[in-house]
Amino acid sequence: MLNIAICDDDILMTGKMEMLVQNIGRRNFVPIEMEVFWSGESLVEAVAKESCFDIIYLDIEMGREDGISTAKKIRKYDKNVLIIYVTSYEHHMQESFCVRPFQFLLKPVSEQQLEVCFKEAYEEINSRDFYFQYSYRRVNYKIPIREILYFESNRRKVLIVTIKETFTVYRKLNEIEDSLKRCKMSFLRVHQSFLVNYKHVEKQSYDFVVMDNGKRISISEDRRKMISEQYCSMEDTFYVDE
């Protein structure tokens, strides 16, 4: 789940941006929670009250609180949020370096430009370390989620298959799937017994996927259409026929 804020004093602009970003998220199988702000002051107030955003689309030319001063205040509370400036003027770029913006988008922004930027931001967020935490035999563990290839339900246990080794946890796969919706990576439930990490899918066909470790996992019949549609919307997808 990505938490995104849009801040612009142009109500028509925020409405258009909100619609485009939601559409892009759906096409790329990225769940989004979004908040819209029409002033820098209200955005800073939300961040100060511990609203946590992954991405902020921020206009520079606003009323009393412009985008540069808004970002400076935000950085006092959050050093990691990706700030993407959406502006009509390039001359603000040099001035904004102090707040480490992720990218600039020049108005009017096309959906194609917005999608390219969105995917790059999503990749940047996914490059950070997020952990799957669990307990097994009274010992607490945490595994970097980017290293997990898939989860496999095996009776009362779930196997956590990573790049290097396999771990075991006594939990239901449904519970694990729900918990992973809060992380930033895409996991696909291709089968009642398998939850796979999209980033580690090497090949995909209509009725199976092949993981980076060579494991071939069947896609259950009732999920094939949904998985196929999700893959069609994702970047760098290709199919194999056997």
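**Figure 1. Burial and fold content of the predicted chain.** Of the 242 residues in the chain, 48% are buried, a term that denotes under 20% relative accessible area, with exposed meaning over 50% and partly exposed lying in between (1.4 Å probe, protein chains only). The model is predicted, so local features need pLDDT of at least 70 and side-chain atom pairs count only at pLDDT 80 or more, while totals for chains, interfaces and linings use all residues. Residues are numbered from 1 along each chain as its sequence is written, and side-chain values use heavy atoms, with hydrogens and water left out. The secondary structure comprises 7 helices and 15 strands; these are DSSP runs numbered from the N terminus, helices being H or I of at least four residues and strands E of at least two. Of the contacts between residues at least 6 apart in sequence, 55% join residues at least 24 apart, where contact means heavy atoms within 4.5 Å. The accessible surface of the chain is about 13,400 Å², and carbon and sulfur atoms account for 47% of that area (Shrake-Rupley method, 1.4 Å probe; for residues, only the protein chains shown count as cover).

Figure 2. The structure holds 1 cavity of 30 Å³ or more. The largest cavity has a volume of about 40 Å³, and its lining consists of Ile6, Cys7, Asp8, Met13, Met17, Tyr57, Leu58, Asp59 and Val86. Two or more lining residues come from each of β1 (2-7), α1 (11-27) and β3 (55-59), and the largest share, 3 residues, is that of β3. A cavity is a set of points, on a 1 Å grid over the protein atoms alone, where a 1.4 Å probe fits but cannot get out, and lining residues have an atom within 4 Å of a point. Grid points are joined across faces, edges and corners, and the volume is the space filled by probe spheres set on the points. By class, the lining has 7 nonpolar, no polar and 2 charged residues; Ala, Val, Leu, Ile, Met, Phe, Trp, Tyr, Cys and Pro count as nonpolar, Asp, Glu, Lys and Arg as charged, and the others, Gly among them, as polar.

**Figure 3. Strand β1 and its parallel partner.** In β1, 5 of the 6 residues are buried. Strand β2 (residues 32-37) pairs with β1 in the parallel sense over 6 bridges, pairing being assigned if DSSP finds at least two bridges between two strands. Within this pair, asparagine 3 stands opposite glutamate 33 of β2.

Figure 4. Strand β8 (residues 148-154) runs antiparallel to β12 and is joined to it by 3 bridges; tyrosine 150 has valine 196 as its bridge partner in β12. Strand β11 (residues 187-191) is likewise antiparallel to β12, with 3 bridges, and phenylalanine 187 stands opposite asparagine 197. A hairpin is formed by β11 and β12, with 2 residues between them.

Figure 5. Tyrosine 198 lies in the loop between β12 and β13 (201-204). Its relative accessible area is 14%, and tyrosine 198 is therefore buried. The C-alpha atoms of tyrosine 198 and leucine 188 are separated by 6.6 Å, although the two residues are 10 apart along the chain.

**Figure 6. Threonine 168 and its contacts.** Threonine 168 belongs to strand β10 (residues 166-169) and is buried because its relative accessible area is 18%. Neighbours within four places in sequence aside, threonine 168 is in contact with Tyr134, Tyr136, Lys157, Val158 and Leu159.

Notes:
On a 1 Å grid over the protein atoms alone, a cavity is a set of points where a 1.4 Å probe fits but cannot get out, and a pocket is an open set with protein on both sides within 12 Å along at least five of seven lines; lining residues have an atom within 4 Å of a point.
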